[in-house]
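User: I have a model open and want to go through a few local features. Can you take my questions as they come?

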Amino acid sequence: MIRRTSSVVRCALIACAAMSVSSTVLAQAAPGLAYSVVLSKLDSPWDMAFLPDGTMFFTEKCSGLSVRQANGTVVKLLGMKDSKGYAATASDLFCEGQAGMSGLAIDPNFASNRFIYVYSASSLTAPGSNRVMRLKVNEAGTGVSDRTDIVADIPYKPRSSDHPFGGPGAHNGGRVRFSPGDGFLYVTTGDTHNGAVPQSPTLLGGKVLRIDRDGKAAPGNGAPAGFDPRIYTYGHRNPQGIAFRPGTNQPFTAENGPWHSDEVTALVPGGNAGWDPRPNVGGRGACPDNYCGYSPNQMGAVNPKERAEFMPMTDLKTYPNAMKPAWNNDGLSQGMFSGTFLNGPQWKGWNGKMIIGFGGIGIHGTPVGNRLDVLDIAANGISATRTTVNLPMPAARFRSLVQGPDGNLYVATDEGAISRLTPN
Ligand SMILES: [Ca+2]
């Protein structure tokens, strides 16, 4: 007995030694991170975009669009209804619930056309809409003009269609990014808690749009016949991140799940992401408010044993050809917001990997997630391994992750800061 125990201990020690070596190799492969605050006391910063000289445009959800110039001076460019201190305001731009001013992108040809793009809720059309606005930045970088709403018909969840499980302004998507591969603008949109939206061929919610700088459909979007030609993928719930894998430039979404299963998904042209919260689909019957997205337990607390019975984020039974996720957050929903691929040798073992940010509010009002994960996604895009980042900063609700022109990672947190993470 003693000898057997001794043998087990010896084997365990050998195994431990082997694991220790392996862990050391992995630890060396991951960079260390230094942390510094770039801007603080912001109002729910949502997204950033950089010029090559370090100039950083940024949005605050309920305030507006600003720029931090390369010398550190901050100029408030375009405010929303009731915003103060901005060079200009637009009275139709508003925030409510999760909605407001969100995604931000800079035109690849900014040096010649001075265009930037902003996603926001607007009251210009009833009962409210989400829009992608194109703005022209003046030469001094102190003002914007020539607003053109290049997409004006993205659904919005109005107060009149509120649900017991989510307030007005819910599920907007809202990330806008140019692909470094094809140069087109990708726009993520949410299902607005409307069962008819994600699989609709004409309603632009629950989609990824792929358009040119004028808002026209890009060629080769590949959606089925009868679909709005701007639609690149459909059947999404609330994708709030989109990023392009270095080398292939394949787009990947980061998408919020309904009490379960945040998903990272490799997109293909015309792909169905498999979210369909309509009644009488997938063998279920009616649901309150014609929205089955939280079935079968629309109002109750989440019981882990029931999770497998929840309406799936990717309904492969109804849609066998749907795009399978690369990763589903171990079946959890924790407010997965944004993702980007890290690029450059300074990122050591994380070079070319996707980093994703979390930070949600659980059904009991408590924060969940509040972390960064690095995903090593397989070449086929349908499996991944996760490493949780050892944060050099306080845990926070991560809203945006953008690699700056200096190669560092900039993070916006809902607590009100934009910070720099420097690998070392
Ligand atoms: Ca899906």
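User: Is Ser261 buried or exposed?
Analyst: Ser261 counts as buried, with 24 C-beta neighbours inside 10 Å. A residue is buried if 20 or more other C-beta atoms lie within 10 Å of its own, exposed if 12 or fewer, and partly exposed in between, with C-beta atoms placed from the backbone. This is a predicted model, where local features need pLDDT of at least 70, side-chain atom pairs count only at pLDDT 80 or more, and totals for chains, interfaces and linings use all residues. Residues are numbered from 1 along each chain as its sequence is written.

User: Where does Ser261 lie?
Analyst: Ser261 is in the loop between S16 and S17. Its phi is positive, about 60°, although Ser261 is not a glycine. Strands (E, at least two residues) are DSSP runs, numbered from the N terminus.

User: How many bridges join S16 to S17?
Analyst: Four, between S16 (residues 251–255) and S17 (residues 263–266), which run antiparallel. Among the bridge partners, Ala254 has Val264 in S17.

User: And what is the strand order in that sheet?
Analyst: The open sheet has four strands, S15-S16-S17-S18, with antiparallel pairing; two strands pair if DSSP finds at least two bridges between them. S15 (239–244) and S18 (325–327) each have a single partner strand, so one side of each lacks a neighbour in the sheet.

User: Different topic. Which residues does the cis peptide bond join?
Analyst: Ala126 and Pro127, with omega about 0°. Pro127 is in the loop between strand S8 (115–122) and strand S9 (129–137).
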